[in-house]
Amino acid sequence: MIKLFGIIFKNRVFIASGVFGFGLKYKRVSNQVGAIFTKGITLEPRKGNPPPRVFETASGLINWVGLENPGVEKFCEEILPKMNKLHTKIFVNVAGSEVVHYERIVERIGEQVDGFELNISCPNVKEGGVAFGQDPKIAASVVARARTKTKLPLIVKLTPNFCDPLKIARVCIAAGADGISLINTLHGMVYDTGRKRPLITGGLSGPAIKPFALYCVNRLQGLGVPIIGMGGIMTGQDAYEFLLAGASAVAIGSAILRDPYAPLKIIRELKKMSNKNGNS
Ligand SMILES: Cc1cc2nc3c(=O)[nH]c(=O)nc-3n(C[C@H](O)[C@H](O)[C@H](O)COP(=O)(O)O)c2cc1C
């Protein structure tokens with residue numbers, strides 16, 4: 001067990017946003033992880049982008065899902081009551097195309113969850129998303145305004161796409177963030193040589209991004225708030241490396257798309273590694 005943000009978590013292995021829906025299909029997995037970060041929730045429902053939405057690359061995955069989700073009303077009415085029966089902590093990943101959307105979503109959801117992850121790092125939407133996370137002023141404003149609407153933990157999910165996450169993390173913490181999660185996906189592209197144009201432009205995830213993700217987590221050491229590290233974690237050894245690099249907990253993303261039970265394997269392997277190395 002670990003305590004972060006004043007909350008007790010079962011363990012340090014969480015599920016990253018967008019790869020497990022709302023955790024209702026594989027309850028055995030949901031009930032054993034420390035926390036679940038939901039799919040990104042927007043003010044209005046979103047259908048997401050047309051296909052192709054995912055493409056497997058040499059050592060990772062490019063996705064262009066585009067924040068498909070039911071919108072905050074349906075989420076609160078139909079999904080949240082079911083999620084609240086799970087035996088894990090629930091963090092809602094909040095996304096918006098305008099700054100004001102974040103505070104509205106946080107306010108609407110209220111105290112029905114354990115906390116929020118403000119997604120200012122999605123590369124797959126036209127407005128908002130990664131553009132908010134690259135601009136220190138907008139990032140701080142999203143956090144400060146959401147802060148006025150909740151006393152629950154506010155984690156900010158950062159991008160390292162064309163900006164320094166350390167600079168953005170500092171302003172977010174000054175604006176009231178309780179923690180930082182990173183990294184979201186990196187810009188990526190697959191080319192269609194037949195048609196001589198891109199086949200898919202989206203967010204790269206998976207083992208290909210792990211070394212960069214580790215570097216980013218390590219760069220944020222010493223900020224005084226918990227860091228949730230993610231990016232290409234496939235094994236307990238990967239998770240352990242993130243903890244050594246300065247993360248307080250880790251989140252599993254693309255590994256789940258290959259094997260929905262991956263978090264359970266990672267929890268077991270991490271426990272073994274930690275015992276062997278004398279860590280808790
Ligand atoms: C299909 C897919 C959908 C995702 N959707 C979201 C999302 O809605 N919100 C978000 O903050 N991150 C989203 N992400 C990013 C992941 O939460 C994670 O930050 C990223 O994939 C890096 O971790 P990984 O390499 O372990 O997958 C998504 C990733 C994938 C692969």
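Two strands count as paired here if DSSP finds at least two bridges between them. Keep that in mind as you look around this predicted model.

**Stop one: the barrel.** Start by colouring the strands. Eight of them, taken in the order β3-β4-β7-β8-β9-β10-β13-β14, close into a barrel, and their pairing is parallel. From one strand to the next, the twist averages 25°. In general, strands of a sheet pair through backbone hydrogen bonds, either parallel or antiparallel.

Now select residues 154–157, which make up β9, together with residues 179–182, which make up β10. These two run in the parallel sense, paired over 3 bridges. Which residue of β10 stands opposite valine 156? Show the side chains and you'll find isoleucine 180 there.

**Stop three: a helix across the strands.** Select residues 99–109 to pick out helix α3. The helix lies across β7 (89–94) and β8 (115–119), and its direction is at about 160° to β8.

**Stop four: two cis peptide bonds.** Go to proline 51 and proline 52, where the peptide bond between them is cis, with omega near 0°. Proline 52 sits in the loop that links β4 (35–37) to β5 (54–57). Then jump to leucine 182 and isoleucine 183, which are also joined by a cis peptide bond, this one with omega of about 15°. Leucine 182 belongs to the residues 179–182 of β10, while isoleucine 183 is in the loop between β10 and β11 (186–192).

**Stop five: positive phi values.** Select phenylalanine 5, in the loop between β1 (2–4) and β2 (7–9). Its phi is near 55°, a positive value in a residue other than glycine. Is lysine 196 buried or exposed? Its relative accessible area is 69%, so lysine 196 counts as exposed, the cut-off being over 50%.

**Last stop: serine 205.** Finish in strand β12, where you'll find serine 205. This serine has a relative accessible area of 10%, so it counts as buried, which takes a value under 20%. What does serine 205 touch, leaving aside neighbours within four places in sequence? Select Ser59, Gly60, Leu61, Thr185 and Ser254 to see its contacts. With serine 254, look for a polar contact of 2.7 Å between the two side chains.

Definitions and conventions: Residues numbered from 1 in each chain as written. Predicted model: local features only at pLDDT ≥ 70, side-chain atom pairs only at ≥ 80, totals over all residues. Heavy atoms only, no water. Helix = DSSP H or I, 4+ residues; strand = E, 2+ residues; numbered from the N terminus. Axes fitted to C-alpha atoms, helices over the stretch in contact; angles between N-to-C directions. Contact = heavy atoms within 4.5 Å. Buried < 20%, exposed > 50% of the residue type's maximum accessible area, 1.4 Å probe, protein only. Polar contact = N/O pair within 3.5 Å; in protein donor to acceptor, adjacent residues only side chain to side chain.
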